[in-house]
Amino acid sequence: MADGAMTATFLAVIGGASLLAVTARRLRPSDRLPSLEGWALADRTLGPVWTWLLLGGTIFTAYTFAAIPGLAYGNGAPAFFAVPYTVIVCPLAFVLLSRLWSVARRHGYVTAADFVRGRYGSPPLALVVALTGILATMPYLALQLLGIRAVLAAGGLYPRGAAGDLVMVALFAGLAVATYRHGLRAPTVISALKAVAVFVSLTAVTWLVLERLGGPGPVFDGAAERLGGPALLLTPEQQPAYATLALGSALALLMYPHVLTAGFAADSPRTLRKVSVALPAWTALLALFGFLGIAALATGVRAPEGGAEAAVPMLVDRLMPAPLAGLVFGAITVGALVPAAVMSIAAATSFVRNVYVEYVHPTATPKRQVRIAKAVSLTAKVGAVAFVFGLRDQDAINLQLLGGVWILQIFPAVAIGLFTARLHPRALLAGWGVGMVAGTCMVVREGFSSIVPLGPGPEIYAGLAALLLNLTVAVAGTAVLSRLGVPRGADLTDLPSRLSVGRRPETGANNP
């Protein structure tokens, strides 16, 4: 049973998030008529500070903060692939997000599929990009609920049975209402509380662990004894898997609709470049969470079998005073609300722009598009709650693993398409299909492990192997289709058709 002081602090953090959500409409209010761009992207008005808070709060999810230390608790060194992975994201975001923002702002694009539609003139390719994004996002959204439940259960804040389900529903109900009314502005203001709460609470937990255990040396020594020593170091056999997982995950992350939605809300490419340089502060936070997984081992925390993600919440409950423990649990819970809201907005926007308007109601007014997006966003949240209550936790985890492999298969159409349009849309479509099938088969064959053997050679990340097949088919298919003279769609993006990384004029608040 949870301590009264812990519960009070936890409720104070959650209450603060709810109050902030109510004030979301005051974040740069717009006098414009209702539009999907206004609801889903906050009218592209977020400056460097708000963009840093929103993008960091969206990328670094509550499940990540629970899963990475859980992986460190159970497996040691391989868990820290998340640190180079999130470091690699920063230069990629510096180049890709700023360039994609410029094109999107110039042509009024709201989703990655909008860009693909304009770049290649291919509705089928844009459709599969949109559907892949939605498919990969939904289990990711469900995992945010799993992260909340794991944290609350470890702290004794999640009652058993129907009462616990009501707690989960109540937490998401406030988020759903705020997002429905204010769109992206709601998670943006909550992201400020998330950053303060997570940074403060994690610093306090880390300081307390180091003080109690006598510094980092005893922490790693104690953990090494429990893991058997070498588990805290990568073996030569593990290094290819570690490197390819870090690289593949970084390439995949920037293809997720929720990350692109947070990026598109910035007011200029200059803002995105500033934010990309400052994102490593969130990476340091993730590294400390991984360290706490090692600390949980060193202190003898015994997580339930199959529930290693509860190791850090159990460590917090053991070492910290009740009010501070409540602050940590509240911070992680709020940490789930921000990405969950952005994910639901991104999925709804992709559906409206690239399915509903493209194939169902091409003449839909901006007001109707917003109304449909709000309904789909609400449906996505309800579906995530139903998914968590109706299926096993492992089902959501397995689908999210597949989601990472799937979303990587749109990288050629989106990221490479930013620099060259020479790949034929039909070849890209074929490459996408081959990558999806190959990646899914590899992951399922290995018992839903994203690390697969490369023949008799080393083990590598399945998503990267599938991407290489995808690119091979796209390049070979382009050569064949070009030789046959098969026409391609018109390019409407004003980008060079050949590979070019030269600086282009910017548009936006800083350079109209």
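Q: Why is valine 277 called exposed?
A: Exposed means over 50% relative accessible area, buried under 20%, and partly exposed in between, with a 1.4 Å probe and protein chains only. Valine 277 has 59% relative accessibility, so it counts as exposed. The residue lies in helix H13 (residues 269-278); helices are DSSP runs (H or I, at least four residues), numbered from the N terminus. This is a predicted model, in which local features need pLDDT of at least 70, side-chain atom pairs count only at pLDDT 80 or more, and totals for chains, interfaces and linings use all residues. Residues are numbered from 1 along each chain as its sequence is written, and side-chain values use heavy atoms, with hydrogens and water left out.

Q: How do you know that threonine 333 is buried or exposed?
A: Its relative accessibility is 1%, so threonine 333 counts as buried. Threonine 333 sits in helix H16 (residues 322-360).

Q: What does threonine 333 touch, leaving out residues up to four places away in sequence?
A: Its partners are Phe10, Ile14, Ile148, Leu152 and Leu171, where contact means heavy atoms within 4.5 Å.

Q: Why is alanine 42 called buried?
A: Alanine 42 has a relative accessible area of 1%, so the term buried applies. Alanine 42 is placed in the loop between helix H2 (36-41) and helix H3 (48-59).

Q: Why does arginine 44 count as buried?
A: Arginine 44 is at 5% relative accessibility and therefore counts as buried. Arginine 44 is also in the loop between H2 and H3, and its phi is near 50°, a positive value in a residue other than glycine.

Technical notes. Helix = DSSP H or I, 4+ residues; strand = E, 2+ residues; numbered from the N terminus.
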